Amino acid sequence: MKRGGSFFWGVILGTMAGLIMGILLAPKKEEKIKNILEKKTEELRDNLQGISKKIGRKVHQIKSDFEARWKKNKIEKEKMDQVEDELGT
């Protein structure tokens, strides 16, 4: 019986030692992970802001081009209407 009791106490003491070491080492690892996540999140945010600015400029350019073409087609249509009126067609 003494032999089984020693094993039991060894398991208990080993578990307690493992828990203590885990508690002592965990905050450092969590802090490192937290710092890495903060850096990566900041990089991602900066990249997304850059992409959104590029998209905004492109959308504005497309909108301006569309408006210019729309006005040009509208003027050409008015000219065609005038020509048709003069010709009586």
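Buried means under 20% relative accessible area, exposed over 50%, and partly exposed in between, with a 1.4 Å probe and protein chains only. By that scale Trp9 is exposed, at a relative accessible area of 53%. This is a predicted model, in which local features need pLDDT of at least 70 and side-chain atom pairs count only at pLDDT 80 or more, while totals for chains, interfaces and linings use all residues. Residues are numbered from 1 along each chain as its sequence is written, and side-chain values use heavy atoms, with hydrogens and water left out.

Start with the fold. The protein chain has one helix and zero strands. Both kinds of element are DSSP runs, numbered from the N terminus: helices are H or I with at least four residues, strands E with at least two. Helix α1 covers residues 2-87. Of the chain's 89 residues, 0% count as buried. The protein chain exposes about 9000 Å², and carbon and sulfur atoms supply 64% of that area. Accessible areas come from the Shrake-Rupley method with a 1.4 Å probe; for residues, only the protein chains shown count as cover.

Return to Trp9. The whole structure holds one aromatic pair. Its members are Phe8 and Trp9, edge-to-face because the ring centres lie 6.0 Å apart and the planes meet at 70°. Rings of Phe, Tyr and Trp (its six-membered ring) pair if their centres lie within 6.5 Å; planes under 30 degrees apart are stacked, over 60 edge-to-face, and the rest tilted.

Next come the charges. Two salt bridges turn up in the whole structure. Each needs a side-chain nitrogen of Lys or Arg within 4 Å of a carboxyl oxygen of Asp or Glu. Lys40 bridges to Glu43, with the closest N and O atoms 4.0 Å apart. Both lie in helix α1, three residues apart, about one turn of the helix. Lys40 is exposed at 52% relative accessibility, whereas Glu43 is partly exposed at 43%. Arg45 bridges to Asp46, where the closest N and O atoms are 3.7 Å apart. Arg45 is partly exposed at 46%, and Asp46 is partly exposed at 37%.

Glu78, Asp81, Glu84, Asp85 and Glu86 form it. Patch residues have over 30% relative accessible area and no salt bridge; like charges are joined within 9 Å, and nonpolar side chains (Val, Leu, Ile, Met, Phe, Trp, Tyr) within 5 Å. Glu86 sits in helix α1 and is exposed, with a relative accessible area of 70%.

Notes:
Lys and Arg count as positive and Asp and Glu as negative; His and the chain ends are not counted. The place of a charge is taken as NZ of Lys, CZ of Arg, CG of Asp or CD of Glu.
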